[in-house]
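Welcome! Have a look at the chain below, and then we will walk through some of its features together.

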Amino acid sequence: MSAADMKAADPAAPASRRTEVTGPQPPEGTARKARSIRSRRAGELLPYLLIGPTIVAIAAVFLWPLVKTVIMSFQDVGRKELWTGEAAPWVGFEQFTTIFADGAFWDSVVLTVVFMAACVIATLALGLAVALMMQRMSAWARLLVTAALIAAWSIPLMVAASIFRWFSDSDYGVWNMVLAKYLGLDFQGHNWFLDYKQGFVVIGAVVVWGAVPFVAITLYAALTQVPKELEEAAAIDGVGAFGNFRFVVWPVIKPVFQMVATLSVIWDFNVLGQVWLMRGTKPEPEYEVLGLYAFNKAFESNSFSQGAAISLITVLLLSGVAVYYLRQLLKIGEVE
């Protein structure tokens with residue numbers, strides 16, 4: 001065999017498998033760090049993605065109606081525009097000037113503030129008293145009281161109004177019977193709603209009766225956080241019951257009490273259903289609280305823009321209370 005044939009029979013040399021590098025490559029540690037940063041960013045975005053649907057729902061239920069109310073308050077929306085969807089004319093601040101010039105508006109504001117203050121004071125006093133009694137009860141008695149409070153709290157407003165209308169009925173009412181039969185007072189056939197002051201006592205009883213359970217249970221939960229060691233030390237030092245509450249119990253429950261008081265102010269300022277139901281859906285002018293004034297303007301007078309303007313004014317009046325409530329929540333969070 002010739003040299004040429006042997007050269008042809010030899011196997012071909014394998015090709016060199018070299019990776020062609022087109023540019024500088026980052027070290028392995030840098031790549032791992034970049035992957036870690038991307039993973040961390042994805043983890044930070046996950047909570048926002050989870051609460052995204054809730055934020056959209058809240059915006060649809062609360063934010064959009066508020067925006068619509070603001071727009072309507074600067075327009076003149078009548079029944080035609082409301083039913084046909086036509087664009088309502090813009091009138092600027094005319095609705096607000098009309099409302100502020102109406103004496104009935106200021107009467108309703110004063111009436112609402114006075115009624116709200118009376119209901120809040122009564123609710124907080126009774127709620128705190130019930131909470132203090134629950135603290136000193138046995139376990140089974142506390143369980144019964146808690147069940148009764150929850151039952152009272154869960155009763156619908158219409159049912160509660162019907163019960164209190166029966167209590168205050170002029171012919172068959174329980175209150176008139178008790179006052180006439182057991183106290184000897186001349187209340188037989190007495191109509192509580194002829195005098196609006198007495199009528200608001202009955203309506204206020206409905207409001208307080210429905211609000212006391214929440215206040216009592218919340219304050220009792222706060223009372224359970226008072227350290228027993230401090231109370232025992234105060235008793236050893238000779239501090240009485242009032243001093244113990246003032247210097248030991250009150251500083252602990254004060255943030256919760258302020259939060260409950262703020263919520264009560266917001267709720268009682270917006271009272272409408274109790275007045276509406278207790279007066280048979282046709283309240284007299286003497287019972288026209290701010291919410292009822294807005295309702296009458298919007299639906300009785302067909303001035304929907306004035307109703308929206310009054311609602312916006314109510315929101316502005318309560319905005320300071322809402323800010324205070326948020327500050328109390330933040331303070332409680334800092335303490336915890």
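Which residues do ring pairs link into a cluster? They are F164, W166, F167, W175, F187, W192 and W209. Please keep in mind that this is a predicted model. The notes below begin with the whole chain and then turn to particular residues.

**The chain as a whole**
- Of its 336 residues, 32% count as buried.
- The chain exposes about 21,600 Å², and carbon and sulfur atoms supply 66% of that area.
- Among contacts with a separation of 6 or more, 66% are between residues 24 or more positions apart.

**Aromatic pairs**
- The count of aromatic pairs comes to 25.
- In one of them, the ring centres of F74 and F96 are 5.5 Å apart and the planes stand at 50 degrees, so this pair is tilted.
- F74 lies in the loop between α2 and α3, while F96 belongs to helix α4 (residues 94-100), so the pair ties together parts that are 22 residues apart in sequence.
- F96 is buried, because its relative accessible area is 10% and the cut-off for buried is under 20%.
- F100 and W106 form another aromatic pair, which is stacked, with 6.0 Å from centre to centre and 25 degrees between the planes.
- F100 is partly exposed, at 40% relative accessible area, and W106 is also partly exposed, at 44%.

**A charge over a ring**
- R279 lies over the face of Y287, at 5.6 Å from the ring centre.

**A nonpolar patch on the surface**
- L45, L46, Y48, L49, L50, I51 and I55 form a nonpolar patch on the surface.
- Together these residues have about 780 Å² of accessible area.
- One of them, L46, lies in helix α2, which covers residues 28-73.
- Is L46 buried or partly exposed? L46 is partly exposed, because its relative accessible area of 44% falls between the cut-offs of 20% and 50%.

**A buried glutamine**
- Q306 lies in helix α14, which covers residues 304-335.
- With a relative accessible area of 13%, Q306 is buried.
- Which residues does Q306 touch, not counting residues up to four places away in sequence? Q306 touches Q95, T98, I99 and K297.

Methods: Residues are numbered from 1 along each chain as its sequence is written. This is a predicted model: local features need pLDDT of at least 70, side-chain atom pairs count only at pLDDT 80 or more; totals for chains, interfaces and linings use all residues. Side-chain values use heavy atoms; hydrogens and water are left out. Patches are made of residues with over 30% relative accessible area and no salt bridge: like charges are joined within 9 Å, nonpolar side chains (Val, Leu, Ile, Met, Phe, Trp, Tyr) within 5 Å. Accessible areas come from the Shrake-Rupley method with a 1.4 Å probe; for residues, only the protein chains shown count as cover. A salt bridge is a side-chain nitrogen of Lys or Arg within 4 Å of a carboxyl oxygen of Asp or Glu. Helices (H or I, at least four residues) and strands (E, at least two) are DSSP runs, numbered from the N terminus. Buried means under 20% relative accessible area, exposed over 50%, partly exposed in between (1.4 Å probe, protein chains only). Contact means heavy atoms within 4.5 Å. Rings of Phe, Tyr and Trp (its six-membered ring) pair if their centres lie within 6.5 Å; planes under 30 degrees apart count as stacked, over 60 as edge-to-face and the rest as tilted. A charge sits over a ring if NZ of Lys or CZ of Arg is within 6 Å of the ring centre and within 35 degrees of the ring normal.
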